[in-house]
Amino acid sequence: MTEEKSFKSGFVAIVGRPNVGKSTFMNKVLGQKIAIMSDKAQTTRNKIQGVYTTTDSQIVFLDTPGIHKPKHELGEFMVESAYSALREVDAVLFMVNANEKRGPGDNFIIEKLRGIKAPIFLVLNKIDLISPQEVMERIESYQDSLDFAEVVPISALQGNNLDQLLALLTKQLPQGPQYYPSDQITDHPEYFVVSELIREKILQLTKEEIPHSVAVTVDKMQKNENDKVHVYANIIVERSSQKGIIIGKQGQMLKEIGVRARKDIEALLGNKVYLELWVKVQKDWRKKKGNLQDFGYRTSDYKN
């Protein structure tokens, strides 16, 4: 009974502008990729839940889409997803890019955080890109904007100060149960993570409007007698011209997407994988609520 009481657990939302390193941070803490990464803004579209467990605590991180001004139904879904993560959490990590000065986007999020009762940590990421003097200047520019519980400069990529941040977070958490088994690092089904890994490769390999116009769905995953997993997935784009770009000359782009995605999927599943990709056109899918739900962006899940 005493052991159960001393265990601490809670939910922690990670919020910030697009591309400040939220997914990089969570993957580094968990030691495995569950949130996709790219240099494109608004890479994360859903709330990604990552579970970090030690002998005496469990932190359930909610990696949220970057907060931005939405331009279509998908954008509305992403922003609502980020806000909904703030409603019932035990702490909030407000992550900013230390390599950039405080801007209107940061101020917008600060205003949204004013009504939050949970302790808010200011986390300055990417400190490996600037001098210690600049780190101090960035901290000073934010210090009076909110009553932060802690201010922690980190490098999610290099791992600087992550242990310190986790220790400070654990102190803030209430005593509570272990919500997930010790070896579980996400609550998302494999289908979801596999589709995200495929989408990541498209983000990395394509330019212009393509990254934001793509959705990926996994129709089927089945293991054959040789223990090889067959994955059947669809890449959805908004226009025929985009389909041509994804397939590429003599199918080279689609082949490269498949080769890169297969490596990550094999690491995730621990099995050899046969990946079959199909490219389909669904005109203006980002603007249609019905399509969003079909492709896994369920707006109703976030409106309580």
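## Cores, strands and salt bridges

Student: Leaving aside its neighbours within four places in sequence, which residues is Ile198 in contact with?
Tutor: Happy to start there, with the reminder that this is a predicted model. Contact here requires heavy atoms within 4.5 Å. With neighbours within four places in sequence set aside, the partners of Ile198 are Val216, Ala233, Ile235, Ile257, Ala261, Ile265, Leu275 and Leu277.

Student: Which residues touch the most other members of the largest nonpolar core?
Tutor: In soluble globular proteins, nonpolar side chains tend to be buried together. The largest nonpolar core here holds 25 residues. The members that touch the most others in it are Ile198, Ile235, Ile246 and Ile265.

Student: Which element gives the most to this core?
Tutor: Helix 7 (190-205), strand 7 (215-223), strand 8 (229-237), helix 9 (252-269) and strand 9 (273-281) each contribute at least two residues. The top contributor supplies six residues, and that is helix 7.

Student: How many residues are in the second, separate core?
Tutor: Val12, Val20, Leu166 and Leu168 are among its members. This core is separate, and its size is 23 residues.

Student: How far apart are the end C-alpha atoms of helix 7?
Tutor: Helix 7 has 16 residues, and at 1.5 Å a residue it should span 22 Å.

Student: How many of the 16 residues of helix 7 are buried?
Tutor: Buried means under 20% relative accessible area. Helix 7 is mostly covered, and its buried count is twelve.

Student: How many residues apart in sequence are the parts tied together by Asp106 and Arg17?
Tutor: Asp106 and Arg17 form a salt bridge, with their closest N and O atoms 2.9 Å apart. Asp106 lies in helix 4 (residues 104-113), whereas Arg17 sits in the loop between strand 1 and helix 2 (22-30). The pair therefore ties together parts whose separation in sequence is 89 residues.

Student: How far apart are the closest N and O atoms of Arg262 and Glu266?
Tutor: Both residues lie in helix 9, four residues apart, about one turn of the helix. An α-helix has 3.6 residues a turn, so residues three or four places apart point the same way. Arg262 and Glu266 form a salt bridge, and their closest N and O atoms are separated by 3.7 Å.

Student: Why is strand 3 largely enclosed by the rest of the structure?
Tutor: In a regular strand the side chains alternate between the two faces of the sheet. On one side of strand 3, Ser57, Ile59, Phe61 and Asp63 are buried, and on the other Gln58, Val60 and Leu62 are buried. Strand 3 is largely enclosed because its buried residues number seven of seven.

Student: In strand 3, which residue is the bridge partner of Val12?
Tutor: Strand 1 (residues 8-15) pairs with strand 3 in the parallel sense over seven bridges. The strand 3 partner of Val12 is Phe61.

Terms used:
Residues numbered from 1 in each chain as written. Predicted model: local features only at pLDDT ≥ 70, side-chain atom pairs only at ≥ 80, totals over all residues. Heavy atoms only, no water. Buried < 20%, exposed > 50% of the residue type's maximum accessible area, 1.4 Å probe, protein only. Pairing = 2+ DSSP bridges. Core = buried A, V, L, I, M, F, W, Y, C linked by side-chain atoms within 4.5 Å. Expected span 1.5 Å × (residues − 1). Salt bridge = Lys/Arg side-chain N within 4 Å of Asp/Glu carboxyl O.
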